[in-house]
Amino acid sequence: MGGKCPHRNVKKRRYSHKTARRTKFELKGDDMVYAQLNKPDQERPPLPVDEDLPGMGQYYCLHCDRYFANITVRDEHFKTKRHKKRIKQMMGPAPHTQLDADLASGMGMPDNGPKLMSM
């Protein structure tokens, strides 16, 4: 009469809805945001109108790489601890890049040292 419940294994195989939504809200890497912040103001183009983004893509926080629905929500975001921490992080030294990671793992260009004798 006993035994396992037939639907127990099926629940474990279901995919989470969060994994499908993660790609929708991917943020730029820290190195890309840092490079964008170090550009002069003249090189930054104005924000284009995009219907798929919140607030038509007009209310954007460059430090956090986030779009907001309206100006009041964005201004409230500027007061938060997370935003202030992000500003402090972006004003410090440059974050690591993919080139740094490749060099640290030994995948960069070989360093054979100086030539001792030329023939």
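Residues are numbered from 1 along each chain as its sequence is written. In this predicted model, local features need pLDDT of at least 70, side-chain atom pairs count only at pLDDT 80 or more, and totals for chains, interfaces and linings use all residues, while side-chain values use heavy atoms, leaving out hydrogens and water.

**Exercise 1.** Find out which helix has the lowest mean pLDDT.

*Solution.* Start with the term: pLDDT is the predictor's confidence in each residue, from 0 to 100. The protein averages 80, and 76% of the residues score at least 70. Where pLDDT is low, the predicted coordinates should not be read in detail.

**Exercise 2.** Sort residues of helix H5 (residues 81-91) into buried and exposed.

*Solution.* Buried means under 20% relative accessible area, exposed over 50%, and partly exposed in between (1.4 Å probe, protein chains only). First, His 83, Arg 86 and Met 90 are buried. These three lie on the same side of H5, because they cover an arc of only 60° around the axis, taken from the directions from the helix axis to the C-beta atoms. Next, the face turned away from that buried side carries the exposed Lys 81, Lys 85, Lys 88 and Met 91. Finally, the cover over the buried residues includes helix H3 (30-37), strand S1 (60-61) and helix H4 (71-78).

How values were computed:
Helix = DSSP H or I, 4+ residues; strand = E, 2+ residues; numbered from the N terminus. Contact = heavy atoms within 4.5 Å.
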